[in-house]
Protein chains: 4
Amino acid sequence: MVTKEQLIAFFADDFPQVDLVIESLGNKSATLRKKIDHNHLRPGGTVAGPVLMEIADAALYAAILGEIGLVPLAVTTNLNINFLRKPAPDKDVLAVCSLIKVGRTLAIGEVSIYSEGMSEPVAHAVGTYSIPPDRTG
Amino acid sequence: MVTKEQLIAFFADDFPQVDLVIESLGNKSATLRKKIDHNHLRPGGTVAGPVLMEIADAALYAAILGEIGLVPLAVTTNLNINFLRKPAPDKDVLAVCSLIKVGRTLAIGEVSIYSEGMSEPVAHAVGTYSIPPDRTG
Amino acid sequence: MVTKEQLIAFFADDFPQVDLVIESLGNKSATLRKKIDHNHLRPGGTVAGPVLMEIADAALYAAILGEIGLVPLAVTTNLNINFLRKPAPDKDVLAVCSLIKVGRTLAIGEVSIYSEGMSEPVAHAVGTYSIPPDRTG
Amino acid sequence: MVTKEQLIAFFADDFPQVDLVIESLGNKSATLRKKIDHNHLRPGGTVAGPVLMEIADAALYAAILGEIGLVPLAVTTNLNINFLRKPAPDKDVLAVCSLIKVGRTLAIGEVSIYSEGMSEPVAHAVGTYSIPPDRTG
């Protein structure tokens, strides 16, 4: 099992340009937080869709690495995202991932994405990662 | 019909922080180009998935606006993306969008994403935008 | 609110050829059961994918009608399904749907599909229905 | 390479209960036809969504087997389908599949589904099959 601290160090190397905080990790799940600033907004004062996609993808990656170990060769093969509500422009975004299956070569999870302080999700994603079959994790 | 020049001006306002070039527009299609630099890469020397998602989403938006006019209230409701091959780290990314349907309230299109110089796509996306039913474009 | 009994009567008219039992309904959720027989199997002794898609789609429809009333004009606009494990050939299939959003014109939900007696899902779907904006339900 | 005749014989064994005609096969593509009768309709006189999902899935399977050989262990892992227009209740349904990638363990394709005689598709699907890595086809 990977600890939150180990994963934080790994992410700092793997996604240095991405401003993500790992809030929790374990039990086939992960919660990530992203601080929203004006670079993430679109006219109309809402968070741009690709920002939500990025945090969904990262939350899946975190939850999977938490299960299989720090395997750098895990790559996304599919991501399906539904945008549900307009996120607040001045609140952090939170992504809560639960893995549905961790198989030998594919791992699949779902992610609910929230604008902090709203009870209903702003987006929902399901994604698949291809994972190396001969990992030792 | 929106011209390429009108859409370029609109994008400059709407996505000022995004480095995208509209290469062509018209006939329910659009082609966008993105210059890749080290901020877009992941360890292993490949373009990060969210960069491909962003250009897929923007290519859909461009093709839809080319059809319905410069409607700022069009928003993505669903995006499904398959990652197919590893993009080159030092080549531009091109997204070629063809709309499948432009209805009264929903527009749907597909996007093939290429690493310049490779004949096979590196990713393929299908996305849906919700469009205002009472637009006058 | 629609009762289970009202929805059962509605389904009997709407899907007369489909052998589905509505087990529970309410609180933005629905559980459906389908008896599997040899017509639903593929060689290798597993339930055919389209059988799982059908029950996923019907579970979404049931949960949505349970919320918005018996509106016959609700239609699926998108369904995304991941097949996770091989269902047993001789067990009922259960679909458990939870709605994620019921908006003015779109309703979105997720469905976990089980082979009875297995604790892990055999498939997971997310689907969107278009619903008439001026329903009176 | 598999011929159309070989695939027809294989389908007759693999999907005996499904009424599908393989119209063409080859070059990473396949076209299938399904005769629509009253069992496939929903109230309102349209073809039920699961009928379109079934033919989309079968068209992917046909196109993949046409490329990799008659491998019975290929299974769908993901299918994403958008429903675009109402099919005619009294016309055959045609599914035209083009493969986007045939890799070592995954094959991905897209499918346009038509109601015969309409120029615009009634649905569009993208699907992934898992294929055995050590096949000899």
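Of the 20 residues of helix 2 of chain B, 19 are buried, so this helix is largely enclosed by the rest of the structure. The model is predicted: local features need pLDDT of at least 70 and side-chain atom pairs count only at pLDDT 80 or more, while totals for chains, interfaces and linings use all residues. Residues are numbered from 1 along each chain as its sequence is written, and chains are lettered from A, with ligands numbered from 1, in the order in which they are written.

Helices (H or I, at least four residues) and strands (E, at least two) are DSSP runs, numbered from the N terminus. Helix 2 of chain B covers residues 49–68 and should span 28 Å at 1.5 Å a residue; its end C-alpha atoms are 29 Å apart, which agrees. The expected span is 1.5 Å times one less than the number of residues. After helix 2 of chain B comes B:Gly69, with a positive phi near 100 degrees.

Chain A touches chain C through 10 residues from chain A and 10 residues from chain C. Residues are in contact if their C-beta atoms, placed from the backbone, lie within 7 Å. The strands below each supply at least two residues of the chain A side.

| Strand of chain A | Residues |
|---|---|
| Strand 5 | 75–83 |
| Strand 6 | 93–102 |
| Strand 8 | 123–130 |

Strand 8 of chain A gives the most to this side, with 3 residues.

Notes. A residue is buried if 20 or more other C-beta atoms lie within 10 Å of its own, exposed if 12 or fewer, and partly exposed in between; C-beta atoms are placed from the backbone. Two residues are in contact if their C-beta atoms, placed from the backbone, lie within 7 Å.
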